[in-house]
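Here are a few notes to read alongside the model.

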Amino acid sequence: MNLTEVNNVISSFLENSKSNRIPELGGIKIYDAPIIGIASGDDPLFIKLKENNVIGKFHNTPREWLPEAVSVISYFLPFSREIRISNRADKMKPSIGWLYGRVEGELVNNEVRKTIAEFISDVGGKASIPSFESNFTVIERNSNWSERHVAFIAGLGTFSLSKSLITEKGCAGRIGSVITNIQFQPTERKYSGLYEYCSMCLACIQRCPANAIDNTGKKHQPCSDFLDKTLNIFAPRYGCGKCQTKVPCESGIPQKCPASTVAATLCRP
């Protein structure tokens with residue numbers, strides 16, 4: 001099995017699944033074609049995540065989820081152009097398209113996880129979806145399986161000032177992963193710095209309606225409080241995404257800043 005086969009499985013699902021469309025908005029897509037990365041189950045960065053100044057000792061390694069783990073499949077699902085454009089206009093409230101992308105889009109993400117796991121099972125392999133496991137936990141906004149950090153390890157991208165992950169298809173989208181005992185060739189990490197793809201243009205600061213971002217990074221509490229407000233208004237949906245739209249990293253990698261200005265080791269984003 002190779003990366004192309006997995007990519008074809010995900011792409012086919014997204015193209016043909018009715019759940020990846022929003023009937024209320026004329027049937028627009030939630031996600032475009034994915035990008036996929038592979039991390040070795042033995043990558044030393046998984047041990048690095050256990051350090052207290054990164055995530056913490058509670059963060060599980062791939063083999064703590066699946067003892068036979070050999071590879072981790074990580075993917076990024078980019079929001080469609082229609083959803084991204086819809087969220088550019090109003091700085092203070094999310095677009096209806098973005099709200100569907102955030103809530104129904106995560107349901108689609110879960111279906112993608114299941115689709116990958118079923119494909120692995122069909123070819124005789126084993127798979128674990130950490131976010132589905134009974135021991136999956138969130139401690140002070142940090143889970144014991146961080147999709148963003150896993151994507152960084154798998155070569156998909158680096159962090160932004162707003163703590164989104166910037167990939168070759170930008171930061172506006174969702175991330176998922178599946179652990180397997182099937183051997184894949186790990187994806188090359190074309191970066192060393194944690195924030196190497198971020199140009200530090202500060203555009204996300206101006207876009208944030210919660211004033212949660214400054215030139216030192218993002219403060220989680222005001223962001224969380226703002227999301228709670230959107231839930232009160234738009235329940236059962238919620239979301240924001242302003243820092244991921246109408247910014248240079250919305251749909252691609254912006255002009256890079258010097259990697260020498262960023263520590264090449266992981267730190268808590």
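1. Start with a term you'll need: a crossing of two helices is left-handed if the near helix is turned anticlockwise from the far one by less than a right angle, and right-handed if clockwise. Keep in mind that this is a predicted model. Here, helix 1 and helix 5 make a right-handed crossing.

2. Now for the geometry of that pair. Helix 1 (residues 3-16) packs against helix 5 (residues 96-122) at an angle of about 140°, and their axes are 10 Å apart. Angles over 145 degrees would count as roughly antiparallel, so helix 1 and helix 5 are oblique to each other.

3. Which residues make the contact? On helix 1, look for Glu5, Val9, Ile10, Phe13 and Leu14; on helix 5, find Val108, Glu111, Val112, Thr115, Ile116 and Phe119. Sorted by type, the residues of this contact are eight nonpolar, one polar and two charged.

4. The lining of the largest pocket comes to 24 nonpolar, 14 polar and twelve charged residues.

5. Finally, the second largest pocket has a volume of about 250 Å³. Its lining includes Ile35, Gly37, Glu168, Lys190 and Tyr197, and the lining residues split into five nonpolar, three polar and three charged.

Note on methods. Residues numbered from 1 in each chain as written. Predicted model: local features only at pLDDT ≥ 70, side-chain atom pairs only at ≥ 80, totals over all residues. Heavy atoms only, no water. Axes fitted to C-alpha atoms, helices over the stretch in contact; angles between N-to-C directions. Helix = DSSP H or I, 4+ residues; strand = E, 2+ residues; numbered from the N terminus. Parallel < 35°, antiparallel > 145°, perpendicular 65-115°, else oblique. Contact = heavy atoms within 4.5 Å. Nonpolar A, V, L, I, M, F, W, Y, C, P; charged D, E, K, R; others polar. 1 Å grid on protein atoms, 1.4 Å probe; cavity = no way out; pocket = protein on both sides within 12 Å on 5 of 7 lines; lining within 4 Å. Points joined across faces, edges and corners; volume = space filled by probe spheres on them.
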